[in-house]
Amino acid sequence: MSCPQCQAGVCSHCLSLCLSVDIIAEKVLSALCESNYQVLRVSLQLNLPPSFVIRRRLSTTNVDVKEMLRSKIAKHISSNGFELHSPGMPEDIVVELQVTHQEAEDQLKTLFQKIVPTTRQSKNKRHKNNDMSQTDVDIILKRATDEDLQSILETSLATECALHVNISRQSVFVTGRYMKFARGVSQSPWTIGNERHGSGCVSDFIALDIESKYSAESHKFHGAGREDIDVRMLGNGRPFVLELINCKVLPTDEGLMAIQENVINTNEAGSVMVRELKLSDKSCMTVVVAGETNKRKQYSAIVWSAKKLSKLELEKKLDCIQDMEIEQNTPVRVLHRRTSMYRTKIIHSCRCEYINSHFFIMRLEASAGTYIKEFVHGDFGRTVPSVGSLLDSNTDIIQLDVEAVIMS
Ligand SMILES: [Zn+2]
């Protein structure tokens with residue numbers, strides 16, 4: 001079925017799309033076959049030129065070209081062995097057919113400029129890249145006269161539509177936990193200007209091999225919080241989600257396990273290890289994001305005190321801490337990138353191990369986002385109370401490890 005107005009030349013009702021439905025379906029199928037993606041199922045996305053809505057509105061026929069195209073393409077690719085996405089299933093491969101028509105676009109722009117005051121046009125950022133949006137089309141439909149709209153159909157077109165098929169995969173999510181045994185390793189690449197600092201980063205250690213094994217375009221590393229570059233991450237490790245952007249091959253749990261055992265965990269440097277690497281779905285992001293605010297962490301710190309301390313003092317002043325509230329103003333060391341504000345944090349528990357009169361080990365459990373270094377030295381009075389104020393001494397933190405991240 002084609003639109004009754006179709007005739008010699010380019011049809012101003014359907015931009016002659018209905019005459020080329022078969023050719024378009026074939027083009028989409030071959031793009032999909034040649035793309036080298038491992039395909040589970042296919043979702044279709046059709047983007048027709050913005051003026052199409054107006055053409056369809058004015059059309060006196062009930063031929064829905066977009067629907068015609070969609071069903072033809074769907075039929076064509078499914079009869080060639082591809083499964084189509086159905087509601088309720090996770091999305092996999094997205095095949096996007098972009099149909100553009102420069103002449104029609106220019107025509108629409110001219111009309112838009114005619115009926116919308118220039119002041120309003122300039123407010124609209126979209127016009128900077130010169131593309132008409134759905135909102136612009138709605139404005140035209142609202143404001144244009146019948147003659148204006150009719151003129152769209154009556155102007156003859158000399159060129160045909162341009163087609164572009166874009167194939168991509170929805171993000172794939174891999175979860176795991178990482179341990180960091182060395183100091184000087186940041187969680188994400190640490191750059192100042194164009195220069196990289198530190199000795200590698202956790203996300204590169206983990207992600208680059210996975211990215212290349214599954215031919216992903218790029219990745220995003222989402223940690224459930226982060227530790228400072230000079231802090232080790234021990235114990236069961238910190239949960240993370242690795243989001244693989246547009247990967248051609250789908251990871252499997254077995255494949256990921258092999259990477260974990262043979263690549264990441266045998267890395268010469270040995271500074272980063274990974275456990276529980278497995279395939280997940282988008283819902284894992286909620287867990288990691290919630291973990292940023294809900295989790296508790298256990299730390300172990302070596303603390304120095306200017307004043308001589310006895311074992312008994314540590315027991316009396318620190319070991320008794322239980323769900324103690326502290327007020328932390330944004331630390332001086334992060335003020336350049338975070339807004340200055342007070343946050344209430346909780347030190348759930350604290351146990352000290354006496355080394356000598358100036359040094360002790362402190363093991364504590366604190367709520368998510370507590371600045372531990374500042375809790376120890378007080379940050380010029382910006383954290384109250386602090387270990388220093390509780391001991392009535394100048395204290396500083398010599399080294400810090402995260403011993404557990406407890407997701408609750
Ligand atoms: Zn037509």
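Reader: Let's start with Asn 246: how many C-beta neighbours sit inside 10 Å, and what does Asn 246 count as?

Author: The general idea is a neighbour count: a residue is buried with 20 or more other C-beta atoms within 10 Å of its own, exposed with 12 or fewer, and partly exposed in between, with C-beta atoms placed from the backbone. Asn 246 has 18 C-beta neighbours inside 10 Å, so it counts as partly exposed. One caution before we go on: this is a predicted model, in which local features need pLDDT of at least 70, side-chain atom pairs count only at pLDDT 80 or more, and totals for chains, interfaces and linings use all residues. Residue numbers run from 1 along each chain as its sequence is written.

Reader: Where is the place of Asn 246, and what is its phi?

Author: Look in the loop between β8 (232-245) and α9. Those labels come from DSSP runs, numbered from the N terminus: helices are H or I with at least four residues, strands are E with at least two. The phi of Asn 246 is positive, about 50 degrees, although the residue is not a glycine.

Reader: Now the helices. At what angle do α2 and α6 pack?

Author: For helix pairs, axes are lines fitted to C-alpha atoms over the stretch in contact, and angles run from 0 to 180 degrees between N-to-C directions. Helix α2 (residues 51-58) packs against helix α6 (residues 134-143) at about 35 degrees, their axes 9 Å apart. Val 53, Ile 54 and Arg 57 of α2 make the contact with Val 137, Ile 140 and Leu 141 of α6; being in contact means that C-beta atoms, placed from the backbone, lie within 7 Å. By class, that contact has 5 nonpolar, no polar and 1 charged residues. Here Ala, Val, Leu, Ile, Met, Phe, Trp, Tyr, Cys and Pro count as nonpolar, Asp, Glu, Lys and Arg as charged, and the others, Gly among them, as polar.

Reader: And how do the axes of α4 and α6 cross?

Author: The axes of helix α4 (residues 102-115) and α6 come within 10 Å and cross at roughly 60 degrees. That makes α4 oblique to α6, since angles under 35 degrees count as roughly parallel, over 145 as roughly antiparallel, 65 to 115 as roughly perpendicular and the rest as oblique. On the α4 side the contact uses Leu 111, Phe 112 and Ile 115, and on the α6 side Asp 136, Ile 140 and Arg 143. Those residues divide into 4 nonpolar, no polar and 2 charged.

Reader: Which residues of α8 and α9 make their contact?

Author: First the geometry. Helix α8 (residues 202-213) and helix α9 (residues 253-264) have axes that come within 11 Å and cross at roughly 130 degrees. They are therefore oblique to each other. From α8 the contact takes Phe 205, Ile 206, Asp 209, Ile 210 and Lys 213, and from α9 Gly 255, Ile 259, Val 263 and Ile 264. Sorted by class, they give 6 nonpolar, 1 polar and 2 charged.

Reader: Stepping back, how many helices and strands does the protein have?

Author: There are 13 helices and 15 strands. The radius of gyration is 31 Å, well over the 22 Å that the globule rule gives for 408 residues, so the protein is more spread out than a compact globule. For the record, that radius is taken over C-alpha atoms, and the rule is 2.2 Å times the number of residues to the power 0.38. Along the principal axes, the C-alpha atoms fill a box of roughly 100 × 55 × 40 Å. Buried residues make up 30% of the 408.

Terms used
Two residues are in contact if their C-beta atoms, placed from the backbone, lie within 7 Å.
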